[in-house]
Amino acid sequence: MSFPCLQTQSDFLVICNVAKILELVVPLMEHPSETFLATIEEDLMKLILKHGMTVR
């Protein structure tokens, strides 16, 4: 996953809000696939490593 457009505070705010939505919605899903969960985890970890504590 690549995010070359992440340059403004608004861009980071969008990422933070998406992470919060996933945090609230994924536990409500009935039987999400392991592939789906692994992909989300991998992509979020990439964001956190790239942008540090900006993504909360």
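Trainee: Let me begin with Lys20. Why does Lys20 count as partly exposed?

Mentor: Its relative accessibility is 42%. Buried means under 20% relative accessible area, exposed over 50%, and partly exposed in between, with a 1.4 Å probe and protein chains only. The value for Lys20 falls in between, so Lys20 counts as partly exposed. Before we go on, this is a predicted model: local features need pLDDT of at least 70, side-chain atom pairs count only at pLDDT 80 or more, and totals for chains, interfaces and linings use all residues. Residues are numbered from 1 along each chain as its sequence is written, and side-chain values use heavy atoms, leaving out hydrogens and water.

Trainee: What makes Lys20 and Glu23 a salt bridge?

Mentor: Their closest N and O atoms are 3.5 Å apart. The rule asks for a side-chain nitrogen of Lys or Arg within 4 Å of a carboxyl oxygen of Asp or Glu, so this pair qualifies. Both residues lie in helix 1, 3 residues apart, about one turn of the helix. Glu23 is exposed, because its relative accessible area is 52%.

Trainee: How many salt bridges does the rule give?

Mentor: The count comes to 2. Glu42 pairs with Lys46, with closest N and O atoms 3.3 Å apart. Those two lie in helix 2, 4 residues apart, again about one turn. Glu42 has 46% relative accessibility and Lys46 has 36%, so each counts as partly exposed.

Trainee: What is called a helix here?

Mentor: Helices are DSSP runs of H or I with at least four residues, strands are runs of E with at least two, and both are numbered from the N terminus. The chain has 2 helices and 0 strands.

Trainee: How do you know that the length of helix 1 agrees with its residue count?

Mentor: The expected span is 1.5 Å times one less than the number of residues. For the 17 residues of helix 1 that should be 24 Å, and the end C-alpha atoms are 24 Å apart, so the two agree.

Trainee: Which residues of helix 1 are buried, and why are they said to line one face?

Mentor: Phe12, Ile15, Cys16 and Ala19 are buried. The face turned away from the buried side carries the exposed residues Ser10, Ile21 and Leu24.

Trainee: Why is Leu47 called buried?

Mentor: Leu47, in helix 2, has 4% relative accessibility, so it counts as buried. The C-alpha atoms of Leu47 and Ile15 are separated by 8.6 Å, although the residues are 32 apart along the chain.

Trainee: What makes Ile21, Leu24, Val25, Met29 and Phe36 a nonpolar patch?

Mentor: Patches are made of residues with over 30% relative accessible area and no salt bridge; like charges are joined within 9 Å, and nonpolar side chains (Val, Leu, Ile, Met, Phe, Trp, Tyr) within 5 Å. Val25, for one, has 42% relative accessibility, so Val25 passes the area cut-off. Together the five have about 440 Å² of accessible area, from the Shrake-Rupley method with a 1.4 Å probe, where only the protein chains shown count as cover for residues. Helix 1 gives the largest share, 3 residues.
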